[in-house]
Amino acid sequence: MNITVLYNNPSTEAYEEQDTKISADLVCKALNENPEYKAKLLGITKDQANIFQLPDTDFVFNIIEWSGIDYIYGVTALGRLEDLAIPYSGCNKSAFETNSVKELMKAKFTELNISTPKYQIFDNDKIVNSLTYPLIVKLANEHCSVALGQKSVVTNDEELKNKVVELQTKYKMPVLVEEFIDGDEVQVAILEKDHLPWVLPPRVTRFKKAPGYWPMLSYEVKSIDNHWEWDMTGDDWGDMSDYSEKLQSQIIELARRSFSEMGGRDYSRVDMRINKDCSQAFVLEINHNPGLDWEEGNALVSAAMKAGFKSFTELLTHIVSQSLTP
């Protein structure tokens with residue numbers, strides 16, 4: 001089978017852009033370790049999003065991660081794939097758009113009664129808060145926790161206004177503000193098996209406590225080796241064994257519903273927060289095409305290892321074969 005690994009060429013040296021190309025390289029190499037596959041890379045630019053060609057291709061492994069104000073190029077590229085009528089991995093263009101625009105994602109969660117923190121979207125200079133502090137302020141159309149850090153949590157109206165204006169001015173996009181859930185973070189990876197969601201063992205981050213520290217998986221944690229915040233995430237990633245059966249069931253069901261009802265396909269990751277008394281899970285977001293490698297720091301990969309996958313090639317072969325299952 002001839003496979004094209006499709007990705008967007010990085011336009012800067014930023015971690016979140018280089019990460020996409022690195023992932024594409026690793027995926028291509030691992031696919032070629034399956035003797036039944038012949039994989040090649042195709043990196044495209046924004047100008048090529050609607051005109052790229054795929055000669056001698058039976059299947060596309062899609063690694064496109066355009067985000068921010070550029071997410072529309074990802075939508076365009078997936079539309080191109082659908083016009084070419086070549087099967088591809090990951091979500092379709094409609095789900096990609098919902099995944100890229102947090103206002104759409106949050107509205108869909110609310111419509112589907114999927115529990116998520118209370119939120120507001122600010123896309124102009126009118127900032128009137130109706131939420132309960134503390135709040136966390138995020139970019140509405142970004143991924144990889146871009147601009148998310150310790151100063152993203154605000155505790156009063158003045159801090160909120162300053163942070164919203166700062167992000168709007170610098171990034172030229174709407175801002176998502178939501179009530180901060182001060183508890184564990186749970187990342188739930190999901191694969192497909194026979195067109196049904198297969199929820200893999202969730203990974204729990206239990207944060208340490210310290211004065212002035214807001215527990216979160218910040219941009220610095222994800223992009224800077226040995227950053228001090230790593231020490232605040234505990235020594236190991238845990239499991240759900242000390243949660244009640246009710247909470248464990250709730251987490252699994254939220255992940256399954258988020259995947260099925262939010263347009264998940266082949267593989268996704270659902271990020272949740274757990275409140276302080278461990279009685280309620282809240283879905284922060286679903287990432288339909290999370291980054292792929294074979295490092296235990298990757299939530300999907302560590303879950304796949306726990307689920308019994310022995311190699312990156314085995315995991316990718318599962319994704320390809322399930323994507324092509326009639």
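Analyst: Before we place any residue, a definition: helices are DSSP runs of H or I with at least four residues, strands are runs of E with at least two, and both are numbered from the N terminus. Keep in mind that this is a predicted model.

User: How many helices and strands are there in the protein?

Analyst: By that reading, the protein has nine helices and twelve strands. Lysine 172, for instance, falls in the loop between helix 5 (157-171) and strand 7 (175-179).

User: What is the phi of lysine 172, and is the residue buried or exposed?

Analyst: The general idea is that most residues other than glycine have a negative phi, and that most peptide bonds are trans. Lysine 172, which is not a glycine, has a positive phi of about 55°. Exposed means over 50% relative accessible area, so lysine 172, at 62%, counts as exposed. With a relative accessible area of 63%, alanine 85 is exposed.

User: Which residues does a cis peptide bond join?

Analyst: The cis bond joins tyrosine 133 and proline 134, with omega about 0°; proline 134 is found in the loop between strand 4 (119-122) and strand 5 (135-139).

User: Is threonine 233, a loop residue between helix 6 and helix 7, buried or exposed?

Analyst: The cut-off for buried is under 20% relative accessible area, and threonine 233 has 5%, so it is buried, although its place is in the loop between helix 6 (219-223) and helix 7 (245-261). Leaving aside neighbours within four places in sequence, threonine 233 is in contact with Thr205, Arg206, Phe207 and Leu217.

User: How far apart in space are valine 186 and aspartate 271?

Analyst: These two residues are 85 apart in sequence, yet their C-alpha atoms lie 5.9 Å from each other. Valine 186 belongs to strand 8 and, at 0% relative accessibility, counts as buried. Beyond its neighbours within four places in sequence, its contacts include Pro202, Val204, Tyr243, Asp271 and Met272. For the protein as a whole, 68% of the contacts with a separation of 6 or more are between residues 24 or more positions apart.

User: Which residues touch the most other members of the largest nonpolar core?

Analyst: The idea is to take buried residues of the nonpolar kinds and join them through side-chain atoms within 4.5 Å. In the largest such core, which has 27 residues, Val27, Leu31, Phe61 and Leu316 touch the most other members. The elements that give two or more residues to this core include strand 1 (2-8), helix 1 (15-31), strand 3 (59-62) and helix 9 (312-323). A second, separate core of 23 residues includes Ile114, Ile190, Met272 and Val283.

User: What radius of gyration does the protein have, and what would a compact globule have?

Analyst: With 326 residues, a compact globule would have a radius of gyration near 20 Å, and the protein has 19 Å, which agrees. Along the principal axes, the C-alpha atoms fill a box of roughly 60 × 45 × 40 Å. Of the 326 residues, 53% count as buried, while the accessible surface comes to about 15,000 Å², with 49% of it belonging to carbon and sulfur atoms.

Definitions and conventions. Residues numbered from 1 in each chain as written. Predicted model: local features only at pLDDT ≥ 70, side-chain atom pairs only at ≥ 80, totals over all residues. Heavy atoms only, no water. Rg over C-alpha atoms; globule rule 2.2 N^0.38 Å. Buried < 20%, exposed > 50% of the residue type's maximum accessible area, 1.4 Å probe, protein only. Contact = heavy atoms within 4.5 Å. Areas by Shrake-Rupley, 256 points an atom, 1.4 Å probe, with all protein chains shown as cover.
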